[in-house]
Amino acid sequence: MPLSPFLILGYGNRSRGDDALGGLFLDAIAPQLDNRQFEILEDFQLNIEHALDINGRQLVLLVDAALDLNAPYRFSEVKPLAELGYTSHAMSPEALLALCQRLEPATLPPVFLLAIEGRDFALGAELGATAHENLRQALHFAGLLLEIPRAAAWRAQLTP
């Protein structure tokens with residue numbers, strides 16, 4: 001079965017308050033997408049196995065919660081950056097792309113990160129009111145992005 005051209009990968013721990021933002025984003029955006037064009041994946045963290053999910057796509061959107069953005073969300077393009085070593089546990093988006101590039105350099109797609117600001121990541125905490133509003137704003141922004149799933153159009157929307 002061929003890969004969907006576009007991948008949206010949300011990650012975070014739904015049991016840790018605002019860390020649930022990646023998964024909640026996927027829950028909200030999924031009904032708006034054509035599932036033949038967009039594949040949605042959720043995980044607790046980025047792992048080396050995600051290299052197989054990323055390579056061969058036309059475009060990838062990573063979605064995660066983040067601290068101290070001083071904005072509801074930040075949208076950036078991710079570039080490969082090799083770290084000192086790989087483990088079987090969490091990887092940064094940059095290290096994951098470095099692995100993708102190493103495995104199959106010709107199939108590395110443009111990858112973007114939508115980081116949504118969260119404040120409370122305590123185990124058992126509920127999603128905070130600020131995080132909920134930040135999620136709403138990020139979903140609105142992403143809805144506009146997903147209308148034109150092309151790297152050039154997305155690059156025009158990068159935030160500082």
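**Labels and what they rest on**

Mentor: Leu33 lies in the loop between helix 1 and strand 2. Helices (H or I, at least four residues) and strands (E, at least two) are DSSP runs, numbered from the N terminus. This is a predicted model, in which local features need pLDDT of at least 70 and side-chain atom pairs count only at pLDDT 80 or more, while totals for chains, interfaces and linings use all residues. Residues are numbered from 1 along each chain as its sequence is written, and side-chain values use heavy atoms, with hydrogens and water left out.

Trainee: Why does Leu33 count as buried?

Mentor: Buried means under 20% relative accessible area, exposed over 50%, and partly exposed in between (1.4 Å probe, protein chains only). Leu33 has 16% relative accessibility, so Leu33 counts as buried.

Trainee: Which residues is Leu33 in contact with, leaving aside neighbours within four places in sequence?

Mentor: Contact means heavy atoms within 4.5 Å. Leu33 is in contact with Ile8, Phe38, Ile40 and Leu146, its neighbours within four places in sequence left aside. Leu146 is 113 residues from Leu33 in sequence, and the two are 8.4 Å apart in space, C-alpha to C-alpha.

Trainee: What joins strand 1 to strand 2?

Mentor: Two strands pair if DSSP finds at least two bridges between them. Strand 1 (residues 6–11) and strand 2 (residues 38–43) are joined by six bridges and run parallel. Phe6 stands opposite Phe38 in strand 2, and Tyr11 opposite Asp43. From strand 1 the chain crosses through helix 1 (residues 21–29) to strand 2, a right-handed β-α-β crossover. Right-handed means that, with the strands pointing away from the viewer, the path from the first strand over the helix to the second runs clockwise.

Trainee: In what order do the five strands form the open sheet?

Mentor: The order is 2-1-3-5-4, with mixed pairing.

Trainee: Why is one side of strand 2 and of strand 4 left without a neighbour in the sheet?

Mentor: Strand 2 and strand 4 (73–78) stand at the edges and each has a single partner strand, so one side of each has no neighbour in the sheet.
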